[in-house]
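Please open the model in your viewer and keep the sequence panel beside it.

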Amino acid sequence: MQIEDGKFYTTRTGGVVGPVRAGPDGTYFWLGRTYTKSGSYHADGESSPFDLVEEREHPLAEAKPAAPQENILQFFAYDHLPPTMKEVSRPFGAMAENMVKTLPRNPERTVALRKLLEAKDAAVRAFIAK
């Protein structure tokens with residue numbers, strides 16, 4: 001492998017380096033690190049976790065657009081609850097996730113999720129009522 005000015009690379013430990021910049025003496029630089037033309041961090045060729053092992057695309061070029069989040073889903077979380085309350089909340093959380101997966105995103109789906117949240121909250125209150 002030969003390092004090129006302006007490109008990105010992966011280190012031996014999976015880190016991202018770049019864009020590297022060519023120096024006047026045939027070395028390459030990135031954030032104070034110096035690399036040889038072959039990607040070695042040490043000029044003597046001794047192995048280092050900072051060695052560059054492969055070229056990679058710009059990190060932002062690999063980013064996939066995130067699916068739109070449904071903020072209300074955070075209120076259907078149940079893993080943090082005690083076991084008995086978890087069993088009350090779990091079916092509501094499963095239904096909310098299913099609604100988000102199967103229904104088109106529109107105002108009516110939002111209303112349905114809000115009403116389901118109200119129902120879940122009422123069920124939890126019914127469970128803990130004295």
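Two strands are said to pair if DSSP finds at least two bridges between them, and the strands themselves (E, at least two residues), like the helices (H or I, at least four residues), are DSSP runs numbered from the N terminus. What you have open is a predicted model, in which local features need pLDDT of at least 70 and side-chain atom pairs count only at pLDDT 80 or more, while totals for chains, interfaces and linings use all residues. Residues are numbered from 1 along each chain as its sequence is written, and side-chain values use heavy atoms, with hydrogens and water left out.

Select W30 and then R33, which is the bridge partner of W30 in β5.

**Second stop: the start of the chain**

Now select M1, which lies in the segment before β1 (8-11). Is M1 buried, partly exposed or exposed? M1 counts as partly exposed because its relative accessibility is 42%, where buried means under 20% relative accessible area, exposed means over 50%, and partly exposed is in between (1.4 Å probe, protein chains only). Leaving aside neighbours within four places in sequence, M1 is in contact (heavy atoms within 4.5 Å) with Y9, K37, S38, L52, V53, E54 and E55. Select L52 together with M1: they are 51 residues apart along the chain, and their C-alpha atoms are separated by 8.9 Å.

**Third stop: the whole chain**

Finally, select everything and follow the chain along its sequence, where the pattern reads β-β-β-β-β-β-α-α-α. The radius of gyration, taken over C-alpha atoms, is 26 Å, well over the 14 Å that the globule rule gives for 130 residues, so the chain is more spread out than a compact globule; that rule is 2.2 Å times the number of residues to the power 0.38. Turn the model along its principal axes, and the C-alpha atoms fill a box of roughly 75 × 35 × 20 Å. If you colour by accessibility, 29% of the 130 residues count as buried.
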